[in-house]
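Work through the exercises below with the sequence and the model open. Each task is followed by a solution in steps.

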Amino acid sequence: NGELGSTNVMVRRVVSMLFMDIAGFSGLCEAIDAEQLMRLTQDYLTAMCEIIVKSGGTLDKFIGDCIMALWNVPRPHPGQCHAACHAALRMQLELLKLWEKWKGEPGVPLLRFRCGINSARVMVGNFGCDYRISYTVMGDGVNVASRLESANKTFGTVVLVAESTFSGATSSGGSCGGERVIFRKLGRLTVPGRAEV
């Protein structure tokens, strides 16, 4: 899409944003050596990103073990909310497969991830400075997605989605590629420093 590919173009668009990281990653770093950690992390990132890309998503960036992914940019994705939720479930299953591969590795515990998804209108484009530019999204909705990922600790959950994502994912029956996504309501969450709930 040339509109979003230009160096100087920034536009507003509704985007589904996913933040995901490994629960207990700091403890894993302490338990195994750096070479083993790098190999396992590469396995994990490769497997998760393959699911994101196959679902029509775009990898935004890695932040340590955290993955930030986007749907509906740079190309439009009419089923973006479905796709993001379905990808999160697929990644959960894939992590279990990785655990089967890793369980013979010394010092590697059963790994779980936390994931937050929000769908909101944000600025999309190439951001940065003269030294480095990155294609990404900016806006309040990005912060909400990140806070949802962290809030899994409070709720004891694996995947938390915003009401906007839920509405989009269920607007046509809650299915994605023929597979149904089932939700349960947990409650309202106050994001620190944000006026809206």
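**Exercise 1.** Classify Lys61 as buried, partly exposed or exposed, and find its salt-bridge partner.

Solution.
- Step 1. In this predicted model, the relative accessibility of Lys61 is 29%, so Lys61 counts as partly exposed.
- Step 2. Lys61 forms a salt bridge with Asp60, and the closest N and O atoms are 2.5 Å apart.
- Step 3. Asp60 has a relative accessibility of 11% and therefore counts as buried.

**Exercise 2.** State how many salt bridges the model contains, then describe the one formed by Asp43.

Solution.
- Step 1. The cut-off is a side-chain nitrogen of Lys or Arg within 4 Å of a carboxyl oxygen of Asp or Glu. By this rule the count is 5 salt bridges.
- Step 2. Asp43 pairs with Lys101, with 3.2 Å between the closest N and O atoms.
- Step 3. Asp43 is in helix α3 (residues 34-54) and Lys101 is in helix α4, so this pair ties together parts that are 58 residues apart in sequence.
- Step 4. Asp43 is partly exposed, at a relative accessible area of 23%, whereas Lys101 is exposed, at 55%.

**Exercise 3.** Describe the salt bridge between Glu50 and Lys54, and say how the two residues are placed in their helix.

Solution.
- Step 1. The side chains of Glu50 and Lys54 meet at 3.0 Å, N to O.
- Step 2. Glu50 and Lys54 are 4 residues apart in helix α3, so about one helical turn separates them.
- Step 3. Glu50 is partly exposed, with 42% relative accessibility; Lys54, with 66%, is exposed.

**Exercise 4.** Which residues are linked to Arg114 in a network of salt bridges?

Solution.
- Step 1. The network of salt bridges links Arg114 with Asp21 and Glu149.

**Exercise 5.** Describe how helix α4 packs against helix α6.

Solution.
- Step 1. Two packed helices are described by the angle between their axes and by the distance between the axes.
- Step 2. For α4 (residues 80-102) and α6 (residues 163-170), the angle is about 105 degrees and the axes are 7 Å apart.
- Step 3. Angles from 65 to 115 degrees count as roughly perpendicular. That makes α4 roughly perpendicular to α6.
- Step 4. From α4, the contact uses Cys81, His82 and Cys85; from α6, it uses Ser164, Thr165, Gly168, Ala169 and Thr170.
- Step 5. Sorted by class, the contact has 3 nonpolar, 5 polar and no charged residues.

**Exercise 6.** Decide whether Cys81 is in a disulfide or in none, and whether Cys81 is buried or exposed.

Solution.
- Step 1. A search of the whole structure finds 0 disulfides.
- Step 2. Cys81 is accordingly in no disulfide: the nearest cysteine sulfur belongs to Cys85 and is 6.9 Å away, while the cut-off for a disulfide is 2.5 Å.
- Step 3. Cys81 has a relative accessibility of 9% and counts as buried.
- Step 4. Another cysteine, Cys29, is partly exposed, with a relative accessible area of 32%.

**Exercise 7.** Describe the surroundings of Met91.

Solution.
- Step 1. Met91 is located in helix α4.
- Step 2. Its relative accessible area is 0%, so Met91 is buried.
- Step 3. Leaving out residues up to four places away in sequence, Met91 touches Leu18, Met20, Met48, Ile51, Ile52 and Phe113.
- Step 4. One of these contacts, Ile51, is 40 residues from Met91 along the chain, and their C-alpha atoms are separated by 6.8 Å.

Note on methods. Residues numbered from 1 in each chain as written. Predicted model: local features only at pLDDT ≥ 70, side-chain atom pairs only at ≥ 80, totals over all residues. Heavy atoms only, no water. Axes fitted to C-alpha atoms, helices over the stretch in contact; angles between N-to-C directions. Parallel < 35°, antiparallel > 145°, perpendicular 65-115°, else oblique. Contact = heavy atoms within 4.5 Å. Nonpolar A, V, L, I, M, F, W, Y, C, P; charged D, E, K, R; others polar. Buried < 20%, exposed > 50% of the residue type's maximum accessible area, 1.4 Å probe, protein only.
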